[in-house]
Amino acid sequence: MNKFLNRSVKPKRDDRTKETVYRTRGTAYEELEEFASYWSSLYTARKKMERSLMYAKEDQWGDYIKDPDTGKMMTEGELIKKNGKVPLKNNMIAPIVKNIEGQFRRNVTKPICSVRDRDEAKVGEMMSIAMEYAQSLNEITELDAASLMVLECGGYIAQRIEFGYNEYKHMNDAWVYNVDPSRLFFNTNIEDQRGWDITCIGEIFDMDFEQVVAAFAKSKKDREWLESIYGTDDHPRRSFVDGVQGYNQKNADFYTPAEVDLCRVILGWKLESRDAYFYHDTLDGSWGFVGLNEVNKLEYINQKRISEALEAGVEEEDILLIEYEFKVERYWYYRYLSPWGDVLQEGRSPYWHGQHNYVFHAYPIIHGKIFNFIEDFIDQQRSINRTMTLIDFIRSSSAKGLVVVDEDAFDSMSREEIIDEYVRYNGVLFCRLKPGKDIRSVITQLNGAGAIQGDYELLSLQLKLINDIAGVNSAMQGKDPSSGTAASLYAQQTENASMNLKGLFDSFKAFRKRRDLKLMQTIQQYYDSPRYIELGGKDYSEESKYYDPEKVQGAQLDLELTEGTNTPTFQMLENEFLMKLFEMQAINVKTLLENSSLPFASKILESIKRAEQEMAENQNMTQMDPALMQQIASQNPALMEKMMNDANASPQDGIIQQAA
């Protein structure tokens, strides 16, 4: 059992007793303890993530080991310094992580919504534009890039989707938030890679008291109730640790907030159940659950239908009734709790999709165990750092420019004079050689080898192995190929290298698809007023940019992620293809400019449309309605004759100079 499961860390109420706390909305002690146990059971998973993050971005000598001299625990870096060495490191994990992030950012995708009814294709386009708008509003690429990094380090990620008011943006809309793993909890007996066996999930929040009041108080009495829970002490807002160094995440606690001026709020979702009746209305196709005490309503409706049908002469076997049977209903229930078990808010899922508002993903999860991407080559990184430190130690302790002198040969000079003359430019030394001696045996300079050759070969092998293990070789990193490498071979090397990362990217894409589907369903539910969205670009018709909630809310929509068309390579191919069609006179200049992604295309297109509009207006001014001309000719033939005579035309007014 984890050592943190039974510790008592629930904060005290100080002078607030059970009698002074208003019990206006009940308590949920059992649920609170269940959430706490799930959070505590993720201790090992969080520590593994912290270690992987340490090797990817922080101190790679931060693992704790026992000092053989004192028996105390200290970091590897501290032990190396104690032994008089310098703990060197060559971080080979960071470039791998950056390359993976670059690969993700380069492969742009976009959500495409499709309607199951082919007659409502415009509704799918309408929803696709709304999804692009929501992703742009949430800066979804930045969120996903950060989530991918967490997935590499920890093996599991989550995002939260809400609809409401955003203080930063000052607007109501659908919002996506990344969930820090130090604040996330879920049932830890999961085995399904898709997260379909999640039965409990939630998050811990730290808010100031006014945020708590804004979220949960509906009246002044509610404020007093919250004050009775969290107290009225006005703690100064300050941080007692180094800022943005991750101390709050590393030392997170379930019950106690990171800083004394904040209030802890726990949100937990549980899949609960009740005995109910499942009904299916054969008249309109609707279905659902009703409570055991509501079955009389179904019977009443059936009896009413039978009586009305029999009066109308319908055979009893042809009457469409509501069919029902006993079943267990499973539903999602949420609770916002204080760290003492007070229920701040609770209820069944308010979403049309009937689920919680989290999207969870774990990769890879094998045999009920979550691994992470970076831990596969931590040992290789440790070997690289140790080899470099060993080579540096050998070089620092070996002889470098050591001079050996036979003092008997320089009996006329002191040691200081010999040293000064040896290092002096154009220096002269006078020595008396004994028989059989040469100058090289009298004075010799020694230079020890910096390291044995095998150490450098070992280091080169380790540097190669870590890239092979990660699947990020020189071709994928964009390094120049060796001379004589064919372009096709280099492209094939890049393609082969990406195979090692395909599982990671495909798995992350599946997570993003589930997130976008839940985001789409949230938009479909809460966008209840028409709006014009001008973020669809040229891929959609003008009609689809007018979001009509009446059409969207009743539609059955599916979603897929496809490759985006706003990459430089795709735009270049698109522009070249359009130019070829224009040169072949298959399209005109307006069609070319409307579909081109050239930066000046829109400006030229607007100029052409403006010129065409002016020409059309001038033409309308110079033309007369044929019906009017026929009426004038029948009533006043003389006037029509003068109008048709060019001698009466004037360049000033374009009609006539005189009329009888």
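Predicted model: local features only at pLDDT ≥ 70, side-chain atom pairs only at ≥ 80, totals over all residues.

Biologist: Why does Glu317 count as exposed?

Modeller: The relative accessibility of Glu317 is 64%, and exposed means over 50%, so Glu317 counts as exposed.

Biologist: Which residues form the negative surface patch, and what makes it negative?

Modeller: The patch is formed by Glu315, Glu316, Glu317 and Asp318; because Asp and Glu count as negative, the patch is called negative.

Biologist: What is Phe326 called, given a relative accessible area of 46%?

Modeller: Phe326, whose place is in strand β10, has a value of 46%, and since buried means under 20% and exposed over 50%, with partly exposed in between, Phe326 is therefore partly exposed. Together with Leu292 and Val328, Phe326 makes a nonpolar surface patch of about 280 Å².

Biologist: What makes you describe strand β7 as mostly covered?

Modeller: In β7 (residues 200–207), eight of its eight residues are buried, and buried means under 20% relative accessible area. Cys200, Gly202, Ile204 and Asp206 point one way, while Ile201, Glu203, Phe205 and Met207 point the other way, and all are buried.

Biologist: How do you know that β7 pairs with strand β8 (residues 263–281)?

Modeller: Pairing needs at least two bridges, and β7 and β8 have eight, in the antiparallel sense, so the two strands pair; within β8, Leu267 is the bridge partner of Glu203. Strand β6 (residues 184–186) is joined to β7 by three bridges, also antiparallel, with Ile201 in β7 as the bridge partner of Phe186.

Methods: Residues numbered from 1 in each chain as written. Heavy atoms only, no water. Patch = residues over 30% accessible without salt bridge, like charges linked within 9 Å, V, L, I, M, F, W, Y side chains within 5 Å. Areas by Shrake-Rupley, 256 points an atom, 1.4 Å probe, with all protein chains shown as cover. Salt bridge = Lys/Arg side-chain N within 4 Å of Asp/Glu carboxyl O. Charge placed at Lys NZ, Arg CZ, Asp CG, Glu CD. Buried < 20%, exposed > 50% of the residue type's maximum accessible area, 1.4 Å probe, protein only. Helix = DSSP H or I, 4+ residues; strand = E, 2+ residues; numbered from the N terminus.
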